Each structure stands twice: as C-alpha cells, then as structure tokens.
Amino acid sequence: MLYLLILPMLLSLVLIPILGERIIRSSLIAIIGALSSFLLSVFYFWTNLGNSTIESYNWISGSNFMLSFRGDNLTLALSILVSFVSLMVLVFSVFYMRKEDQARYYAEMSLFIFSMLGLVLSNSTLLFYIFWEIVGVSSYLLIGFWYKKESASAAGKKALVLTRIGDMALFAAIIILFVNLNTFSIPNTLSSIGFLPVQTLVLVGALILIAALSKSAQFPFYTWLPDAMEGPTPVSALLHSATMVAAGVYLLVVMSPLLLLSGLDPVIVTIGMFTAFLAAFLALNHTHFKRILAYSTIESLSFMFIAVGTLNTGGAIFYLVVHALFKSMLFLIAGVLAMLVGLQDIHALRLKKLGKTWLLIPASIGFASLAGLPPFASFFAHASLTVGFNMIENILFVFLAFLTALFSFRLFFIVFGKRSSTRLERSPVSAIPIYLLSLFSVVGGVMALYFTNLIPSFAYSFDLFTLCSFVAAVLGVVTAFEIFGKGRYDGLLIGIKLRLKFLFDHPYDGFLTQVGSLFIRLGAIFARFEDMLSAFYDKLADSALLLSSNSRRVQNGDTQTYVAAILVGLVAILIVASAFI
Amino acid sequence: MIQLLGFLILPAIGVIALAVKRLCSSIMSDEKIVFGVILATAFLFFTGLFLGFAGISINLVSSIDFAFTLETNGLSIPFMLLAVVLPALGLWSAHHEIKKNTNLFYIFYLLSYMSLIMIFISANLISFFIFWEVVLISFFFIIAFWGDEKIRKRASMKFLIFTQFGSLMLLGAFILMFLYTGSFDINVISNLASTIPSPIADVIFLFVLITAIVKMPIFPLHSWLPDAHVSAPTSGSVLLAGVLLKLGGYALLLFGVLLFPSITSLFQKPLIILGVFTAIYATFVASTQNDFKRLIAYSSIFYMALVFVGLASMSYFGESGAVLLMVSHGFIVGMLFVLAGILKKKTGTRDLNKLGGLMARMPVYTLFLTIAIIATLGVPGLSNFPAELLVFLGAYGAYTLSLVSLVGVLIATNYYLGALKRILFSSLGKTLSKVTDISMSDAIQLSLFTIPIIVLGIAPNLLMGAFNLLI
C-alpha cells in the first residue's frame with residue numbers, strides 16, 4: 001500500500017486543473033494532498049517501525065521490469081521529511097504566491113512533491129530513474145515560473161540541461177546494470193555487483209557519481225543552482241535546498257556499496273572538499289541574499305558528499321534531514337524579506353534596519369544552525385558527519401567550519417545588524433511554517449539519539465576535532481561580528497576578499513559557455529556539410545525537372561515534327577543496323 | 001471477426017464518392033465524406049481489436065501465388081494503430097490550410113490513408129508493393145500541389161527521386177525473393193529465407209537496407225525529408241512523419257532483420273555505428289535550425305536513427321523498443337507538426353528568431369507545446385520513455401558504443417528547450433501583441449494526440465501485449 005503515500009499529490013495534480021480556483025482554491029487542494037501524504041507517512045512509519053516491506057508491480061510483460069517501492073525506516077523517515085517540508089512550503093506559498101497564477105504554480109508543485117516522494121520510496125533503479133527525471137522536469141518548470149523574465153527562463157533551461165547530463169549518465173548506468181545483472185531491483189543489484197568485471201563497475205560507479213554531482217549541484221555542474229534562484233522563493237526553499245538537490249546524495253547513499261566496490265570514494269571526498277571550499281568562498285563574496293543561501297546549500301551538500309565518501313552514510317542522511325529543516329526555513333525568511341521589503345541585496349536590506357523584527361529569532365537560529373553551533377540540531381549533525389574522517393579531512397573541515405560561520409554570520413550581521421523599530425507584517429501563513437521549522441531546527445538534535453536505532457549505520461562522536469570545529473565556528477562568528485556587525489565591512493572586506501568570484505564564478509561560467517559554443521561550432525560544421533549535401537541533391541532534383549521540361553517539348557503534338565523525328569530515327573536505325581550486318 | 005478487406009473497401013468508397021462528386025455536386029461536403037470514412041475505418045479497427053481480424057486471399061494468377069492477400073502478422077497492430085488514427089488527427093489541420101482543389105487533395109489523402117493501412121496488412125509482396133507505390137505517388141502530389149509555394153517543386157521532385165529509388169531497390173529485393181523461393185507469399189518466403197544462397201541473400205538484404213535508409217531516413221540519404229516537411233501542409237507532415245517514415249522501419253524489420261538474422265548479425269556493428277552517427281549528426285544539424293518545422297524534421301531523423309539502432313540490435317528489447325518508439329514518435333511528432341502549423345497560422349511565422357513570449361497570449365497552446373516537447377525528450381510518464389529504454393537496453397546488449405547516442409538526447413534537450421524558450425518565454429515579440437489562443441477545436445485535436453502519448457507512457461504493456469515479434 002506504499003503507493004498510497006504518493007497518490008495524494010498525484011490526485012492534487014489532476015484535480016487542480018479541473019477544480020482549481022473555480023470550486024476550491026488550488027492551494028487548498030495541494031495542501032490537503034501534502035497533509036495526507038505527511039499523515040500517511042507518519043502512520044506507516046509508526047506501524048512499520050523496524051520492518052521493511054517491498055511492493056512490486058510489473059511494468060512491461062515478458063521481462064522483469066519491476067517497479068517496486070520499499071518502506072523501511074530510512075525511506076519512510078525521508079518521506080516524512082519531504083512531505084513535512086512540502087507542507088510547510090505550501091502553506092508559506094499561500095502568503096508568497098498570492099498574486100500569482102495559482103493553478104499553474106500548485107499543479108507544478110504537486111508534480112514535484114509527487115515525484116520526490118516516489119523517489120525516496122523507490123526500490124528499483126528503474127522507478128528511481130523515472131521519478132528522478134520528473135523531479136528534474138518539475139524543477140525546470142518551477143524555476144521558469146516567471147516566464148516573462150528572460151533570466152528566469154534562461155535559468156530554468158540551464159538547470160535542466162546541466163542536470164540532464166546526470167540524468168543520461170544515470171540512465172546509462174541503469175542500462176549497463178540491467179544488461180549485466182538482469183534486474184532493476186536495488187537490493188538484488190547490490191547483492192550481485194561482485195560478479196561484475198572491475199572496469200564495468202568503475203564505469204557504472206562513475207556514471208552514478210556524475211548523476212549525483214549534477215543533481216546536487218557539485219563541481220563541475222554547480223553553476224545551475226545559484227541561477228535557479230530566479231525561481232519563486234518557496235520553490236528555492238523546497239526544491240533547491242531541502243529536497244531535490246539532496247536526491248543526488250540519496251542516490252549515492254543508496255548505491256554506496258557499489259561506489260565502495262568501484263573504489264570511487266576518494267574521488268567523492270576530493271570533489272566534495274573542493275566544492276565545499278569553493279562554495280564557501282563564493283558565498284563570502286556575494287551580496288544577494290538568496291544566492292548566498294544557494295552557495296551555502298552547495299557547501300552543505302558537499303558535506304554530505306564527503307560523509308558518503310568516508311563511508312558514513314548514516315551521518316550523511318542525518319545531516320540531510322537537519323539541513324532540510326533549517327535551510328528551507330532560511331529560504332522562507334528570504335521570501336518574507338523579498339515580499340515585504342522587496343529587496344534581495346544584503347547591503348540594501350541593512351539600510352531597512354530589520355534588527356528588531358520578528359524574523360530575528362528564526363534567522364539567528366537558522367544561521368547558527370548553518371554554522372553548526374550548539375545546542376542546535378545542526379551541531380549534532382556535524383558531529384555525526386565527521387565520524388569517518390581521517391586527519392586531513394578533519395583539519396580541512398575545521399577550516400570549513402570557520403568559513404561557514406564567517407559567511408553565514410556575515411549575512412546575518414549585515415542584514416539584521418541595524419536595530420530600529422521597523423516592523424514587518426506577520427501573517428499566520430508566513431509565520432507558522434518559519435516558527436515550526438525553526439523549532440525543529442532547535443530540538444532536532446534529540447533526533448540523533450533516536451536515529452541510532454533507526455538507521456543501523458548511524459553514529460556520532462564528540463572528539464577533539466568537534467571541539468576544534470566549534471572553536472573555529474565561534475571564531476568565525478566573532479570575526480564576522482568584528483568586521484560586518486560594526487558596520488566597518490566596506491574597508492575590511494577588500495582585505496579578505498579572495499576575488500574567487502572573479503576567478504571562478506564568471507570565468508567558470510564563461511568556460512561553460514565556451515564548451516557550449518564549441519558544440520555550436522561543431523553543429524555549424526555539421527550544418528555546413530548538410531547544406532552541401534542538400535545542394536548536391538537539389539542539383540539532382542533540378543536536373544530531373546529540367547530534363548522533364550525539355551523532353552516535354554518533344555511531345556508537342558506537332559505532326560510535322562513527329563514525322564521528321566520518325567524519319568531521322570529510321571535512318572539512324574538503318575545506319576546502325578547496316579554497320580552490324 | 002472483422003474482415004480486413006473492410007480497410008480497403010471503406011476508404012475506396014470514400015475515394016469514389018469524392019471522385020463522383022467532382023462531376024456532379026452533392027449535398028455532402030468533401031470533409032464530411034473524408035471524416036465519415038476515416039471514422040468508420042477507425043471504428044472498424046477498434047472493434048477488430050476486440051473481435052479479431054479475418055484475413056482474405058484472392059489469387060490473381062492461378063499457377064503461382066500472384067495474389068492479393070490480407071492478413072495480420074505479429075507487427076500489424078501497432079502500425080495499424082498509427083496508420084488508422086494519425087491521419088484522422090492530421091486531417092483536422094487540413095480544414096484551414098487547404099484552400100484550393102480541396103476535393104482532389106482529399107482524394108489523394110484518402111488514397112494514401114488506404115494504402116498505408118493496406119501495406120501493414122498485406123501478406124503478399126504484390127499487394128505490398130502496389131500499395132507502397134500508391135502512397136508515394138499520392139504523397140508526391142500532395143507536396144507538389146499543396147506544398148509551400150517557394151520550394152514545393154524542388155521538394156516534391158527530391159521526394160520522388162529518393163523514394164522511387166528506394167522503391168526500385170525494394171522491387172529488386174522482391175524479385176530476387178520470388179526467384180529464389182518461388183513465392184510472393186510473405187509467410188512462405190520467411191520459411192524459405194534460410195534456403196536462399198548466400199550472395200543472393202546478401203544482395204536482398206542490401207536492397208532492403210537501402211530502401212530503409214532512404215525511407216526512415218538515415219544518413220546520407222536523408223536529405224529529402226526536411227524539404228518535404230517544410231514544404232508539405234500540416235496534415236501532410238503528420239502523415240509523412242507519423243506513418244510514412246515508419247514504412248522504412250517496418251520493411252527493414254520484416255524483410256531484413258527477421259528474414260536474414262545471420263546477415264544482420266554480420267553487419268550489426270557497422271549498422272549500429274551508422275545509426276549512432278545519424279543520431280548525433282541529426283541533432284547537431286537540428287540545433288542550428290531556426291525554422292521550427294525544419295527543427296522538428298531533423299529531430300525526427302534523430303528518433304528514426306534510434307529506431308534503426310534498435311532494429312540492428314537484433315534483440316527482443318531492441319526490436320520491440322524500436323516498434324514502440326515508431327508508434328510513440330508517430331504521435332509525438334504528429335503533435336509537434338500540428339503545433340508548428342498552429343504557430344504559423346496564428347503568428348504568420350515559424351522563425352524562432354521572430355517569436356517570443358507567446359505564453360502570455362497563448363496559455364493553452366503553451367500547455368500542449370510543453371507536453372509535446374517534454375514527451376519528445378523521453379521524460380518518464382510519456383510514451384517515448386519506455387520505447388527509448390527498451391531500445392537502449394537492446395542496443396547496449398548488442399554493442400556498447402550505442403550508448404553514445406545518449407549525447408544526442410542531451411543535445412536534443414538543449415535545442416528543444418531553446419525552442420520552447422524562444423517561442424513561449426521572455427518578453428512578447430513586438431508584432432505578436434494581437435495573437436489569440438488556440439480554438440476549442442484545436443484543443444480537442446491536440447488532446448487526442450496527448451491521450452495515446454500519456455497512456456502508452458504509463459502502460460506500454462497495452463501495446464507490447466498487442467504485438468509479438470515474428471521470432
């Protein structure tokens with residue numbers, strides 16, 4: 001009965017175009033759908049605790065094309081998470097999207113939530129891929145929601161093209177696995193990968209890694225995520241922080257035995273570390289609220305990648321859950337600011353003196369979580385993240401903790417640093433999701449105690465490096481306060497600006513454009529050849545036309561010409577014949 | 001049981017009625033006759049799906065089986081679905097587009113409709129070839145008389161030269177088959193195919209292969225297709241891309257791959273390489289196109305190249321996937337051509353550079369165009385996905401390199417999304433402020449295209465169960 005979990009959102013998708021806005025509001029349909037999914041997930045989770053159920057459906061007869069769902073602790077916990085965050089974001093959307101095209105927005109959101117829930121519940125690579133692709137398409141549609149904006153539609157296209165590189169890689173991986181093992185079932189695949197030759201294993205592992213990197217916006221694909229901020233903020237909160245981008249991590253977690261066997265885990269750690277530093281520096285250099293959050297999301301995803309690379313899948317999942325809660329909350333705060341203040345630039349926001357508004361407490365919880373400070377859930381998540389680290393990884397992570405604290409509190413102090421009596425409107429639909437999410441970000445640490453029973457591979461430890469990271473984070477906060485909190489940021493900023501933005505953001509984008517134009521040039525060569533080919537055939541057609549129109553002149557009904565022609569022909573035949581005789 | 005002869009008689013009645021109407025005016029309009037006939041034929045087909053079909057054989061020359069034989073084989077049902085349903089949907093567009101000599105147009109349209117169905121149920125080379133030729137000739141006239149003013153002469157000539165060349169090759173193959181098996185009956189030939197001596201079998205296979213390369217079309221004999229599409233009226237394009245191109249795949253499967261498996265396996269790798277190259281080539285050329293219809297035409301070469309790869313893989317997955325892809329692509333590309341036709345009608349241009357922001361003016365059109373393009377990109381839930389999945393499963397099993405054509409899917413993603421953006425998104429083009437959304441009738445037509453795309457995407461089993469390969 002696991003399909004019942006995803007059915008409500010599919011129903012919403014169907015009902016919104018039919019009933020939406022005419023009979024009941026689309027937002028209500030979508031919210032009821034997400035609420036039912038959430039309640040069902042919780043129900044299944046409780047009744048199914050510790051058990052694992054698998055439900056299969058045969059898709060194409062005559063072959064074992066099994067589409068199967070799996071309900072166990074991990075998948076159902078994630079389905080609770082996805083449906084909960086979705087519910088929060090949908091409620092918030094009532095506030096944020098009140099002036100927009102309701103039916104289209106909620107239909108697209110329903111499509112996304114449906115496919116995301118399906119993705120976490122999948123037990124076969126085929127079903128996983130099906131939902132994985134639909135997730136990508138709904139992300140494309142939602143990023144380009146404001147279609148009149150050139151930048152939004154360009155960002156949507158960029159996101160889908162870049163993530164589709166990963167989609168095709170995953171598609172290829174699934175095909176290779178099926179042809180070799182004759183199964184789509186994930187457990188069966190993982191239990192028999194030992195029989196595969198090493199080069200196939202490495203190929204499949206690399207393809208899966210590419211898929212994860214593109215979906216989770218890691219180097220070299222990361223540029224689509226900051227651009228995706230062109231979409232409505234609730235979309236960023238749900239898709240581009242909490243759920244969709246985490247799908248890549250989830251894929252790696254699910255496929256971790258294969259990645260281990262193919263020996264790719266050092267590669268994952270290296271890419272993760274590199275992306276984390278890159279994203280942290282870029283976050284430090286941007287002034288656009290949502291874009292900074294986007295870079296911080298890239299960094300957090302890198303943390304999860306590193307955890308997977310150090311064979312600590314439990315830690316990656318726990319961080320994924322905690323991250324989803326506080327990051328979507330931060331995005332919702334950005335949404336409130338965009339809606340009520342109408343600004344996204346952090347220096348412009350500073351001038352609005354937001355230091356005493358109701359957003360201050362949730363925002364401080366959010367940014368402290370981002371920095372991994374105790375007693376928030378994120379602190380425990382960091383502790384579980386670093387379980388499998390070796391010395392070098394630990395040392396690098398201490399640096400990252402400093403940088404993360406620095407850029408998150410830079411944002412916090414700049415935006416909320418100036419206090420005055422500015423007030424922001426607070427409506428239930430905007431405030432309740434933010435408060436609820438921040439509540440869970442605070443008390444979520446308790447989940448860590450519970451998680452050990454939930455997921456066998458989960459562990460956390462507090463060691464010397466946890467302390468070091470903590471000290472580094474506090475140092476980051478203090479530094480941020482010293483530089484940005486006191487309003488002296490302009491002069492000092494130049495000192496710490498590493499100009500990486502100019503090294504990486506623009507040139508790298510430029511590099512991608514170069515790759516794109518290489519393809520265009522290649523296309524032009526093909527096109528020129530095609531023109532030549534076509535011209536040659538055109539000549540052929542023209543000469544056929546010419547021949548027919550000329551020969552038509554011969555048959556013109558003029559008797560004299562006919563008689564003359566017959567005579568000439570006769571003479572010719574006689575001459576030829578006499579030559580033979 | 002439904003008599004297969006009905007598929008000949010019903011359209012033939014229509015043709016005769018139209019021809020008689022030329023002489024004396026009648027109460028019925030041309031369109032009513034054509035629609036009536038096609039609806040009746042479609043009804044016959046769908047009842048036949050439940051009741052089964054009865055074959056017939058009329059011997060024309062007593063000493064040999066020079067006969068007119070109709071019979072369903074393991075492949076007939078999916079192709080009949082295309083041949084029966086698609087022209088009906090395409091005809092919807094003819095109403096606005098065909099202004100002169102409508103009567104004659106409908107005669108040719110019905111003639112090709114009838115012949116296309118006949119080809120898929122002919123069990124004898126004679127009837128197969130006769131109808132094969134009738135399709136080509138009537139389609140030549142459709143392009144030559146009702147095509148785009150500027151290029152129709154050359155385009156129709158190109159079409160004729162290429163496809164007649166293909167037919168000639170097929171005729172050569174048929175004659176050789178007859179000479180070495182003593183029969184025109186396809187069932188007899190398929191039983192005796194293995195007895196044909198080796199060099200002759202190779203020649204037959206080569207002839208069939210060339211026919212398929214022309215008809216599908218595959219590089220380097222594809223050049224007639226874009227011109228024919230750009231020139232043809234919308235209803236013609238639907239027929240051309242939806243059904244006519246599939247004749248090549250059908251012939252290759254029936255007379256090539258299934259008849260001569262050992263020769264196919266000998267040439268398997270070169271054939272797959274040719275298919276993969278065509279796929280990549282077509283997508284690259286497509287991405288440089290600015291005319292939306294020409295873009296669709298090149299991209300349909302891409303999908304037919306995937307069909308070619310699937311057929312060449314000689315596996316159950318590859319071949320059934322190729323058949324499924326032909327059906328699925330028929331509906332999707334037909335829908336795209338109808339959408340391109342509406343675009344031209346509403347805005348007066350198909351040039352992507354002159355369009356933009358139409359979503360603000362045409363929300364319903366936007367919905368259908370988005371569905372069609374997402375479907376063509378092979379997104380799960382829509383019919384291209386199971387087909388591509390099967391094709392790639394088969395092809396990878398046959399030859400690792402075939403996965404390279406996934407690059408083509410990526411490039412297709414890029415140019416199709418680019419086209420979507422250039423037509424629908426960003427700011428509204430200056431001249432487009434008075435464009436109106438599609439009419440109810442257009443919306444119904446497009447919905448009818450959408451239904452099989454979604455149904456086959458969710459439950460490909462419906463079609464997979466309906467056919468079994470002859471192996």
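Trainee: At roughly what angle do the axes of helix α5 (residues 125-146) of chain B and helix α10 (residues 234-257) of chain B cross?

Mentor: Quick ground rules: residues are numbered from 1 along each chain as its sequence is written, and chains are lettered from A and ligands numbered from 1 in the order in which they are written. This is a predicted model, where local features need pLDDT of at least 70, side-chain atom pairs count only at pLDDT 80 or more, and totals for chains, interfaces and linings use all residues. Helices (H or I, at least four residues) and strands (E, at least two) are DSSP runs numbered from the N terminus, while axes are lines fitted to C-alpha atoms, for helices over the stretch in contact, with angles from 0 to 180 degrees between N-to-C directions. These two axes come within 11 Å, and they cross at roughly 150°.

Trainee: Does that make α5(B) roughly parallel or roughly antiparallel to α10(B)?

Mentor: Under 35 degrees is roughly parallel, over 145 roughly antiparallel, 65 to 115 roughly perpendicular, and the rest oblique. The crossing is at roughly 150°, so α5(B) and α10(B) are roughly antiparallel.

Trainee: Which residues of α10(B) make the contact?

Mentor: Contact here is C-beta atoms, placed from the backbone, within 7 Å. From α5(B) come B:Val135, B:Phe139, B:Ile142 and B:Ile143. On the α10(B) side, the residues are B:Gly236, B:Leu240 and B:Leu244.

Trainee: How many residues of that α5(B) and α10(B) contact are nonpolar?

Mentor: Ala, Val, Leu, Ile, Met, Phe, Trp, Tyr, Cys and Pro count as nonpolar, Asp, Glu, Lys and Arg as charged, and the others, Gly among them, as polar. The contact has one polar and no charged residue, and the nonpolar ones number six.

Trainee: Over to chain A: is the crossing of α3(A) and α4(A) left-handed or right-handed?

Mentor: The axes of α3 (residues 73-96) and α4 (residues 102-121) of chain A come within 8 Å and cross at roughly 165°, so these helices are roughly antiparallel. A crossing is left-handed if the near helix is turned anticlockwise from the far one by less than a right angle, and right-handed if clockwise. For α3(A) and α4(A), the crossing is right-handed.

Trainee: Which helix gives the most to the side of chain B that touches chain A?

Mentor: Across the interface, 41 residues of chain B are in contact with 38 residues of chain A. Helices supplying at least two residues each to chain B's side include α6 (152-181), α11 (261-287) and α15 (384-398). With nine residues, the top contributor is α16(B).

Trainee: What radius of gyration does chain B have?

Mentor: We take that radius over C-alpha atoms, and the globule rule is 2.2 Å times the number of residues to the power 0.38. For 471 residues, the rule puts a compact globule near 23 Å, and chain B agrees, with 21 Å.

Trainee: Which residue does a cis peptide bond join to A:Pro374?

Mentor: Most peptide bonds are trans. In this bond omega is about 5°.

Conventions. Two residues are in contact if their C-beta atoms, placed from the backbone, lie within 7 Å.
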